[in-house]
Amino acid sequence: MFLILRILYRILANRQSASRSKERKARYITELERKVQTLQTEATTLSAQLTLFQRDTTQFTNENTELKLRLQAMAQEAQVRDVPRTLFGKC
């Protein structure tokens with residue numbers, strides 16, 4: 001009789017332990033799903049920001065190139081204006 005009670009107690013304890021384990025697993029999965037959702041939202045936001053930054057970078061690169069060309073043209077104009085001064089002295 002004592003052996004049967006011990007076996008029944010062990011069966012009950014194992015079932016309770018398995019139930020607690022399933023609950024922990026369910027909470028863990030729920031938390032992981034929440035984290036996935038948060039990370040997906042963050043990834044979407046960051047992707048949009050990256051697109052804007054890439055667009056801005058392209059615009060700034062184009063503007064920088066244009067300004068360099070204008071500066072080069074101005075430098076050449078200044079050299080052309082200075083040629084008579086260097087050849088003939090001050091006018």
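Glu-77 forms a salt bridge with Arg-81, with the closest N and O atoms 3.8 Å apart. A salt bridge is taken here as a side-chain nitrogen of Lys or Arg within 4 Å of a carboxyl oxygen of Asp or Glu. The model is predicted: local features need pLDDT of at least 70, side-chain atom pairs count only at pLDDT 80 or more, and totals for chains, interfaces and linings use all residues. Residues are numbered from 1 along each chain as its sequence is written, and side-chain values use heavy atoms, with hydrogens and water left out.

Both Glu-77 and Arg-81 lie in helix α1. They are 4 residues apart, about one turn of the helix. Glu-77 counts as partly exposed because its relative accessibility is 47%. Arg-81 counts as exposed, at 54% relative accessibility. The classes are buried (under 20% relative accessible area), exposed (over 50%) and partly exposed (in between), with a 1.4 Å probe and protein chains only.

The structure holds 3 salt bridges. Side chains of opposite charge can pair when their charged atoms come close. Another of these pairs joins Glu-31 and Arg-34, at 2.4 Å from N to O. Glu-31 and Arg-34 are 3 residues apart in helix α1, so about one helical turn separates them. Glu-31 is partly exposed, with a relative accessible area of 31%. Arg-34 is also partly exposed, at 45%. A further bridge links Asp-56 to Arg-55, where the closest N and O atoms are 3.0 Å apart. Asp-56 has a relative accessible area of 24% and is therefore partly exposed. Arg-55 counts as partly exposed at 43% relative accessibility.

The fold consists of 1 helix and 0 strands. Helices (H or I, at least four residues) and strands (E, at least two) are DSSP runs, numbered from the N terminus. Helix α1 covers residues 2-88. Its residues include Ile-4, Thr-41 and Val-83. Thr-41 is partly exposed, with a relative accessible area of 44%. The C-alpha atoms of Thr-41 and Thr-51 are separated by 16 Å, at 10 residues apart along the chain. Val-83 counts as partly exposed because its relative accessibility is 40%. Between Val-83 and Ala-43, 40 residues apart along the chain, the C-alpha separation is 59 Å.

The overall dimensions follow. The C-alpha trace spans about 125 × 20 × 10 Å along its principal axes. The radius of gyration is 38 Å, whereas a compact globule of 91 residues would have one near 12 Å. This radius is taken over C-alpha atoms, and the globule rule is 2.2 Å times the number of residues to the power 0.38. Of the 91 residues, 1% count as buried.

The protein exposes about 8900 Å², and carbon and sulfur atoms supply 62% of that area. Accessible areas come from the Shrake-Rupley method with a 1.4 Å probe; for residues, only the protein chains shown count as cover. A nonpolar surface patch is formed by Met-1, Leu-3, Ile-4, Leu-5, Ile-7, Leu-8 and Ile-11. Together these residues have about 740 Å² of accessible area. Patches are made of residues with over 30% relative accessible area and no salt bridge; like charges are joined within 9 Å, and nonpolar side chains (Val, Leu, Ile, Met, Phe, Trp, Tyr) within 5 Å.

The protein carries 16 positive and 9 negative charges, with mean positions 18 Å apart. Lys and Arg count as positive and Asp and Glu as negative, while His and the chain ends are not counted. Each charge is placed at NZ of Lys, CZ of Arg, CG of Asp or CD of Glu.
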